[in-house]
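Work through the exercises below with the sequence and the model in view. Each task is followed by a solution in steps.

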Amino acid sequence: MPANKSDDIRIGVFICHCGSNIAGYLDMEALGSYAESLPHVAFVQRNLYTCSEGGINEIKKAIGEKNLNRVVVASCTPRTHEPLFRSSCAEAGLNPYLFEMVNIRDQCSWVHMQEREDGTSKAKDLIRMGVAKAALLEPQNPIMSEVTPRAMIIGGGIAGMTAALALANRGYEVVVVERSDRLGGMLLNLNKLGPSMADAAELAEKTVKAVSCHPKITVFTGSSVTGVQGFIGKYSADIETPAGAKKIDLGVIIVATGARNLVPAGLFQYEGEKIVTQLELETRLKKGLASSLKDFVMIQCVGARNEERPYCSRICCQTAVKNALLIREQAPGSKVTILYRDMQMYGVENEEMFRDSKARGIRYVNYDPEKPPRVEGSSVVVYNALLGREMKLPFDLLALSTPLLSQEDSDETGKLLRVPVDENGFFLEGHVKLKPLDFATDGVFLCGSARFPANVREAVAQGLGAASRASIPLSKGSVVVEPIISVLANEDACRGCGLCVALCPYGALEIHKTEKGRKVRVIDVACKGCGVCAATCYQHALTINSFTDDQIEAQIGAFLG
Amino acid sequence: MCTGRIDPALAAKAFRKGLDGMLVVGCYFGDCHYISGNYQAKAKLDMARKLFAHIGLNPERLAFRQCSSGEASVFVKIVGEFTEKIKELGPLGAGADRFEASKLTKKMDIAEAVLAGEKIRWVIGKRTPFLQTGNMYGEIFTEHEFNRAIDMIIVEETEVQEILAGLREGAKSVKDLAASLSMPVEKVFRHILALKRRGFVALKRIAGRSPLYTLVPQEV
């Protein structure tokens, strides 16, 4: 940071009243005159609403008339308003990264509504810190990178196939990598799809055919992804196929690796003949039940919602109810009893199916996990809390509803793609509400049961959703990345040790050879600006744009007065 | 920016400038947009707390807590508790720390030099690889083993930085350094030899029978 630069720093401070949100609780006049007293501040203005058209115009006018080269707005939260103020600066010809925002509403006036004096004093601290940082801000330029118009989808189940078709139909090349030797995934084992009772085989056949015949889709079955390098727009994947290894350039990746069903070995005397899983029951129903079967019992939450697997697999209840209805169709006059802990029947249609099943005489018995049912010979004995005694239910076929588990290698897939998995091994989305089908890593998306147990309808919806998200960078053809990222500020100091490379959560750092020896290089588009590298480097060679050591130090210094 | 950006050397600098307490609040583990930054933050701040305790600053002045952005009440509780704690400890050097304020300032200079220094940053940077994938020989360390190493390095690096700070005042003999730092002569001698080997310290002249050592200016 050149020292002489500070001579020409001219900061404009705009203090927003936010109607009465700020002005109602803080002494605005005092804040205004205080800001005027701060170093490098050339102009101070208070606005009723700085974000209004009038307020924005005042900023733009002042940049020109007062010759401002830094702008500080003390108002609400950067989460909603920083982009607006930045673009206003840009419109007035000031580099948008010479703007600093101070939050005196959410973090000050709203918190200290009863403490006018202390609140005002805190707002002064915050403004002083913002001004101190602003004086050291440097202009930055947004980073652009091209996007290879090709997507890779890992997993050829219904979610992956749906995403593949959606992208291919939009004209992008798609590569589907399926581990098993045929497309279809778990859909191939299913019978009817609730609640519409559509035929699973029909859907599978139709979709597999569409994917296999699509001119834009290349399918690799019996194949797996062994390596992924690069970043959004410029990924490159190593794929191990039966015909040998392939290397393919990609723009985006969709994870649709699905899930597997828990085989309840050792639970309820499971043996796969008379005592089967709900999934095995589906296969039996597909073939048609033997007419000798009259008594059916199902046990829900087998191997689920316990200490080892605390989560609810979501779709087992609706599957059990659906299969109970199908049993009654195939074997009229049969008895079906479902032993459950809680019925998870979300959505109007599932709710209706549930009511319908009760009307058709399917019996539901609640059981207490403290007193679980047990199998005695050809009967299930369960304690019925309503009756206050044990019931004995004879069965010809016992179906155990076991949860979907994450794929055994989901952790490895996660590492390969640098995306996180949760404690149960399911992939963790970028944000549960705001980015449900994106990963925090740009250019990687997810759908289907790889994310969390999903029924076919949900898998299809998520497949379409992930394809939609993935097509944003594909259709733009380029990505623009926020330049608040890591930079090698002092190349000479870097020893190319790679300490930072190992800790980067995004794989955004790499070592390359230069004339001066091994040095680290920041892959701009992959970096998210977390700053771990800057806090780690023992040579202090790396820093983060707009969060440099100098700037943070200046803020701390300003805070301490 | 993530809590992982927080350089422990900056924390030392802030305390040297008179900060009474520093609270870092990050996401829960596994729940962070920056994936693993909060793990790094916690490791570095834990290390800084240990160093502060060793050097004489009450380590409770620096805290790392976790809450999610949706947990306003948890956040308020965390901030409230920390504020109460700092009020209880009082201003820097007023009794809750091992030294009074002016001495602490000098100690925090040493702490900053340790935390900005190569050795400790290298080791803390290697923490995740050492615990997860092992060192270059594939040896994986337990948390306990790693912490023991950190404890040892904190002691050694503090001694080294105290010696360097002593020499900054002018050339000194091992005996004088040992006396002014209340450190055993052998220990000072060992550090001086190591520093000399690494090119940080050189023999200036021999006064009587004692060699005087001086700092070698370092290029950045």
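**Exercise 1.** Is the crossing of H8(A) and H9(A) left-handed or right-handed?

This is a predicted model, in which local features need pLDDT of at least 70, side-chain atom pairs count only at pLDDT 80 or more, and totals for chains, interfaces and linings use all residues. Residues are numbered from 1 along each chain as its sequence is written, and chains are lettered from A and ligands numbered from 1 in the order in which they are written.

Step 1. Locate helix H8 (residues 278-287) and helix H9 (residues 316-330) of chain A; helices are DSSP runs (H or I, at least four residues), numbered from the N terminus.
Step 2. The two axes come within 11 Å and cross at roughly 30°, with axes fitted to C-alpha atoms over the stretch in contact and angles running from 0 to 180 degrees between N-to-C directions.
Step 3. H8(A) and H9(A) are therefore roughly parallel (an angle under 35 degrees).
Step 4. The crossing is left-handed: the near helix is turned anticlockwise from the far one by less than a right angle.

**Exercise 2.** Find which residues of H8(A) meet H9(A).

Step 1. Contact requires C-beta atoms, placed from the backbone, within 7 Å.
Step 2. From H8(A) come A:Gln278, A:Leu281, A:Glu282 and A:Leu285. Their partners in H9(A) include A:Cys316, A:Ala320 and A:Leu326.

**Exercise 3.** Describe how chain A touches chain B.

Step 1. Chain A gives 26 residues to the contact and chain B gives 28 residues.
Step 2. On the side of chain A, H15(A) gives the most, with 5 residues.

Key: Two residues are in contact if their C-beta atoms, placed from the backbone, lie within 7 Å. Helices (H or I, at least four residues) and strands (E, at least two) are DSSP runs, numbered from the N terminus. Angles under 35 degrees count as roughly parallel, over 145 as roughly antiparallel, 65 to 115 as roughly perpendicular and the rest as oblique.
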